[in-house]
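Visitor: Hi, could you walk me through the inside of this protein? I'd like to start with the core.

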Amino acid sequence: MSPNCKRPPSHPTDPWSVPVPVGPAGFTALHERHAECAVQVDLGRIGPFGFSARPARESELLFADLQTNADGNISRRLGSGRAGFYAGKYLKGVGRTPLAANWCHPTDRYHSSGHLLPSAAAREYLVSCYLEELGAGDTLVACEGLLLAPLPPEAEQYVESIFAGRDPRQLAQVDRRLQAISVKDAGFARLSNFVWAFSQWRGGAPFVVELFLRMARYLGSPFQPEALPGDVSPEALAERLERAIERLVHHFERFFQAGVYWGSFHNNFTADGRFLDLETPTVMGGPFIGILAPAGKLPESVDPAGSRIFVGCEVLQCLGQVRTFLAFLIDRLEWLGRNDWDGGELERRFLRDTAEALRTRFPPSHWLHDVSALTEKLTAALVSTLALPPGAAEELRALVEAQCRVMLNVEPRHAEVVRLVPVKMPLANPEPIFPVVVGVPRFLEGLVGQTRAGRIFNAALGQVDGAGEVATALHALREAEASIRSSAREQRTDYGVPDIPSPSGRGTG
């Protein structure tokens, strides 16, 4: 769905890769080219003992990736518990991998199930189609297709139990009757993969060379030349990380212009700055700043220095994770540079030099750490997109500064609460049985809203939700894709821009 990647697929020899046996499964692909992706985990093929029969060919293996977050982790989630790399693709919904150590956790039933809800797969696919049609397919690891299969009758009760506390009668028909596998291109890593690798240090020159070469490759854009061993130096690694962070911020600027809010951000973007987990988007179709809240729970006002992140400022949630990763990496490299006695002095010197290069590249005055610089960077992008009058621009800057101070853990200045105005717009549930409403700051009333393309996107999702059989669901998906692509093309044509919708043509109806 996006331009052809020059980077090869994620490799089974990545140090965080765990081989998982798979076998054929009765899924039907939306696109025939993905028929080979109709597989599911078959842990029984591992066997209870080493002399038991086990798969011998890579074609029988999926590779799940171990993950550790630098900021916080969820009990017994060791990595991709329902996903992995297979045949050059990243498949989600293939069943429980060995990394689903939460498989019997009573309060983590969805992520421990191995299951992908069809409505979630549809959102992943259709938001990828929408962004691709707007010329922004390079901002994410796009979902290029999906597969569906009937859900066993006895599984419906389990699916209902995932949403404890919500009315099960509101669960969409497609989620009651079907299950899904989503398909994305391989060739990426998360920052959490590197945290795992640096935490599970093996030492020695071969490990150091291979790990840092992979780091250089995965930090680089997938559309730039492949990093070679001679390209890996402390300064080059630091520069690649900075470019990846800049790329991440730029991608969020384009999400803002396209009116896409992802909803869930923790560990959900790649090391090179693309967004990855696309299950819970809310699509307005044009620039939007405000608060997204459960239906019936929209507050009248919000303290911008509180814990709520405004739509439009959500990149701060990702930048907070990047800052934590950077702090972890520098500390870990310095410790290893003094204590890695499995390596030689040359390797230890390289580790220390890399830590120093990172400190030099990201000093306290860097926009990633400085409130004023970060505020100006984010505000400039928002104001230029919205073309706000001066008074509204100043109020927006104050809001962004308060949000930046929260992320940077800097003592907030006194800020006036932001009064919210409810805005009626048709929005599909970003996740099952979870209707949402939106409100905008009073100073932006009438300046942001939903476009026709946004309304069509949300209506199209509703069409898919009502399907109860594989054939009808796939038909509904194709119709939804056609209407979404058509409206996005019209939006691009009407605004006369090559990439993303012009703010001057935003709709408020």
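Visitor: How many residues does the largest nonpolar core have?
Guide: The largest nonpolar core has 160 residues. Such a core is a set of buried Ala, Val, Leu, Ile, Met, Phe, Trp, Tyr and Cys residues joined through side-chain atoms within 4.5 Å, where buried means under 20% relative accessible area (1.4 Å probe, protein chains only). This is a predicted model, with local features needing pLDDT of at least 70 and side-chain atom pairs counting only at pLDDT 80 or more, while totals for chains, interfaces and linings use all residues. Numbering runs from 1 along each chain as its sequence is written, and side-chain values use heavy atoms, without hydrogens and water.

Visitor: Which residues have the most contacts inside that core?
Guide: Those are Tyr-130, Phe-194, Phe-198, Phe-212, Trp-262 and Leu-319.

Visitor: And what does Phe-212 touch?
Guide: Leaving out residues up to four places away in sequence, Phe-212 touches Phe-198, Trp-201, Val-232, Leu-237, Leu-333, Phe-350, Leu-351 and Thr-354; contact means heavy atoms within 4.5 Å. A second, separate core has seven residues, among them Ala-83 and Leu-276.

Visitor: Switching to pockets: what volume does the largest pocket have?
Guide: About 1300 Å³. A pocket here is an open set of points on a 1 Å grid where a 1.4 Å probe fits, with protein on both sides within 12 Å along at least five of seven lines; lining residues have an atom within 4 Å of a point.

Key
Buried < 20%, exposed > 50% of the residue type's maximum accessible area, 1.4 Å probe, protein only. Points joined across faces, edges and corners; volume = space filled by probe spheres on them.
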